[in-house]
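Visitor: I would like to learn how to read features such as salt bridges, hairpins and surface patches from a set of coordinates. Could you take me through them one by one?

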Amino acid sequence: MHSNNTVSKRLYGAFFLIALLFMTAMSHAADLSVQEKMATDKLSDTDVERLLKGGSNEDRRRLFRQLTPEQKIAAFRHLDLEEKVLAFKLLNSKEKKTVFMALEDPVKPELFSRLDEADQELIFIGLEDRVKSEILAGMRDEQRQKWMSRYPGLRLMMPTETEVERKTETTIAPSLEEKPSRIEEILSGAFPQTIDRELRQFGYDFFGASPAAFTPFTDVPVGEDYILGPGDIFIIYLWGNVEDQYTVKVTPEGAIVIPRVGSLTVAGLTFRETRRLLESKFKEYYADFSMSITMDQLRSIQVFVIGEVQRPGAYLVSGLSTIVDALYAAGGPRKTGSLRAVKVARGATELATMDLYTFLIDGRKIEDIRLRSGDTVLVPVIGGVAGVAGNVRRPGIYEMKGATTLRQLFEMAGGIMPTGHLQNVVVERMSANSRRIVKSFNMQDKPGTGQDQMDTLLVDGDVVKVFPIHRQMRQVVFLEGHVKYPREYEFKEGMRIGDLIPSYDALLPEPFLHRAEIVRLTPPDLHPEIIEFDLGALLDGDADQNIALRDMDRIMVYDLAEKSSLPQVTINGAVRVPGTYRLYQGMRVKDLIFRAGSFLPSAYMENASLSRISVGRETTDMTAIDFSPSKAIAGNPQDDIALRPYDAIYIREIPRFKEVLERKLTVEGEFAFPGEYTFTEGERLSSVIERAGGLTKDAYLFGAVYIREDVKTLQKERLKEYVNQLEEDILTLTSQSAETSLEQEETAIILKTLAAKKQLLEKIRNSEPTGRMVVDLEKIIHSPQSEQDLKVQPGDRLIVKKRPDYVNVLGEVYNPTALLWTDNRTTGNYLDQVGGPNDNADEKQIYLVKANGTVISKKQEGFWGIATWDTDNHRWALGSFESIEVEAGDTIIVPKRVEKYPWLRVVKSITEITFQIAVSAGVLIAAF
């Protein structure tokens, strides 16, 4: 009887916990319903953060839409960048500007870059120049130029492009593309503000790619003036009355040998003279013939390249080589060598002097003479030099030849660029080898002044600096803001605002008409001042508002949503896109429902409510107006109410609509028609089984598995309690063993106990509750509507498989395995088949887990082992635990023995905990 009472108490306790959980869940659902209807303005920042971090995405979106503007600003502080981007799309135009301006400055550029172009345009207009500058500095070059061209007036207050480049260099990865040229940068908007003093000597890089070894050319065509010499090979062709061919080579003595003609001296003759000589000689032997000569192989000549060259020495070059070819073979002049006075000597005579600038700048080789064997090419030390930096087309250091003027230096540098400031060209000069001085020249093209300045002679070591003109545009006015064509316009004397904004057609929809502004730079210090004007009155023809413009004025036109509160209405409840919407003129209930995506399937179409603010002289109150959504959609004037600012509509849901949709039970296995079935409230399991066509003949009713989510949740809580209890036991045991003097044998036992408890704790943590309930499916089918025929709940699953043909025997036995099930066999029979319990087994704690989930343990034996408690029939049955008949699919578990000492009171039996878990949580841990 005592065991019967214990089981009954456990069942009552389980039912009490299930009822308590059900009431808690219902209470929680009611709280959520109240929270959804609660005014969001009463939520604290902490509440908002907590709600935004939990719940589904749809719940978070719905909550965010209901927040006040101040709460939305605070909420953005708790969102990461991706969440900010998504939340930003839920804001209306006014809120987007307000929220963005309230963000911290470091966040603004990063968020701005992630917004779409329409939102960027909306926000950018209202930003301070400082914030605009920071956003532009973080953009890529092409993006920045696009915004600069769209709002050209920003150039007056933005940082210089060189400063922007320095900022972006640290954030933009180096590109593999070719660096833009200075001309590309300037014409793309990166106007220069300084000059680059990294000057290089002009012309020397031409020879930088010369090969280490120079091979003379021998297979190129020669001209009529080519002079033959020893080593040349050419071919003589004869045709007509005689056809013959001779290949001849000029001997070291300068002669060639031809059959019948004999030896002829040709060295020193040109190609033309050699042809004439041969024609005259062949005419002595042949009449009426033709002749041609073709060079076969040119001779190589030896020349000497000395002086300031990279590799001075003697070189074998082609007989057609010139001065440039010889310099190329020697690696070119050093930067200490002259490019303007390269000398060629033939014997004791100085033959020629070549100015390489004529070749490098003009591309003409008029001074590049052909060399002969034995010639010497000399590169002397460089002469006087002058550098030119800044806004010329080819900055560099140039070698001067004789008296050189500023004009000639600029010509060598390709000329002055349009960005060069000619009113103050600066020349840095070393004076008398003792000091540096500066001279300034006004190169403005004026008769008698600028031209004379251009003829100023330069001195060795001069550096001419041509600074850029100021980047600020002049003769310009800017139109910016909420207009169709924001850009710069030419300023003309007498120009007025009406010339740029002649009508509403020049504006974007819904401009703010009450006020627009002119930002004017006022002399003498050009400080900005704001001049306001009435844009609406201007467009209506008020001449007083048509203000005269000045050079560099910026006209700013604002968006209506930016400067005034647009009327809004709100809709919530069973619509697809609840939220706050702009109130348009003539807007009615059905218009707002349409903008909110229309109704959800769960919408209650018979009755809804509209809340309206009633403003009185002394107080303000809220009025509720009921209407029918179905009639409003149909156009009934009494229900399709005209909306006013701040109206709020709530569309109710059909009572218990979602609950009905969730009423589904899954039956699996040996059913005629397994699958998912809906059910009515209060419907019992037998009814659903009948609708599923009943069970097949192979169904094993005793082993039916019924799973319920509520039970699974309860089992998880019980497991958590057991884990906490076991952790306390381990901590207490560890502490007490450390404080108590123990014998070596006792210490070993404690360590084993701790190890066993830790192992158990790890296995419990890794176990997963199934949510299984013990049901008697046979009684349910044969006795419908009985107390065993439970009422089904949403999410329940019933699994009925075929009868298994095995019995599991696990734990501390000699051969843990699965045995073939045979009818009328007992636990003792199956234990004998696996060799019985081993030496580590706790034979007093053996238990049997039935296929239906119930448990019978050896501890339930009574009357000195001659009777056992029958759980199914709630009575004592004769026979010991070993005489219990085992059903197919049952499992016999033999636990491990754990030694305990009476003084160690905090140590609890692992076997007891295992038994409690198996009974109360319905979880079978295979290792036991």
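The dialogue below takes up a few features in turn.

Guide: Please keep in mind throughout that this is a predicted model.

Visitor: Let us begin with charged side chains; how many salt bridges does a search of the whole structure find?

Guide: The general idea is that side chains of opposite charge can pair when their charged atoms come close. In this structure, a search of the whole model finds 28 salt bridges. One of them joins the side chains of Arg346 and Asp375, with an N to O distance of 2.8 Å. This pair links distant parts of the chain, since Arg346 belongs to strand E8 (residues 342–346) while Asp375 lies in the loop between helix H15 (356–362) and strand E10 (376–379), 29 residues apart.

Visitor: Are Arg346 and Asp375 buried or partly exposed?

Guide: Arg346 counts as partly exposed because its relative accessibility is 26%, whereas Asp375 counts as buried because its value is 1% and the limit for buried is under 20%.

Visitor: Which residue meets Asp455 in a salt bridge, and where do the two partners lie?

Guide: The side chain of Asp455 meets that of Arg407, at 2.9 Å from N to O. Here too the pair links distant parts of the chain: Asp455 is in the loop between helix H17 (450–454) and strand E15 (462–466), and Arg407 is in helix H16 (residues 406–412), 48 residues apart. Asp455 has a relative accessible area of 42% and is therefore partly exposed, and Arg407, at 28%, also counts as partly exposed.

Visitor: What can you say about the salt bridge between Lys484 and Asp505?

Guide: The side chains of Lys484 and Asp505 meet at 3.0 Å, N to O. Lys484 sits in the loop between strand E16 (476–481) and strand E17 (487–490), and Asp505 in the loop between helix H18 (497–500) and E18, 21 residues apart. Lys484 counts as partly exposed because its relative accessibility is 36%, while Asp505, with a relative accessible area of 54%, is exposed because the limit for that class is over 50%.

Visitor: Which residues are linked in a network of salt bridges?

Guide: Such a network links Arg197, Glu428, Arg436 and Lys465.

Visitor: Where can I see a hairpin?

Guide: One looks for paired strands and the turn that joins them. Strand E3 (residues 255–258) and strand E4 (residues 262–265) pair in the antiparallel sense over four bridges, and in E4 Ser263 is the bridge partner of Val257. Three residues separate E3 from E4 in this hairpin, and Arg260 in the turn has a positive phi of about 70 degrees.

Visitor: Finally, which residues make a nonpolar surface patch?

Guide: Ile613, Val615, Met622 and Tyr646 make such a patch, of about 440 Å². Among them, Ile613 is found in strand E23 (residues 608–615), and it counts as partly exposed because its relative accessibility is 37%.

How values were computed:
Residues are numbered from 1 along each chain as its sequence is written. This is a predicted model: local features need pLDDT of at least 70, side-chain atom pairs count only at pLDDT 80 or more; totals for chains, interfaces and linings use all residues. Side-chain values use heavy atoms; hydrogens and water are left out. Patches are made of residues with over 30% relative accessible area and no salt bridge: like charges are joined within 9 Å, nonpolar side chains (Val, Leu, Ile, Met, Phe, Trp, Tyr) within 5 Å. Accessible areas come from the Shrake-Rupley method with a 1.4 Å probe; for residues, only the protein chains shown count as cover. A salt bridge is a side-chain nitrogen of Lys or Arg within 4 Å of a carboxyl oxygen of Asp or Glu. Helices (H or I, at least four residues) and strands (E, at least two) are DSSP runs, numbered from the N terminus. Buried means under 20% relative accessible area, exposed over 50%, partly exposed in between (1.4 Å probe, protein chains only). Two strands pair if DSSP finds at least two bridges between them.
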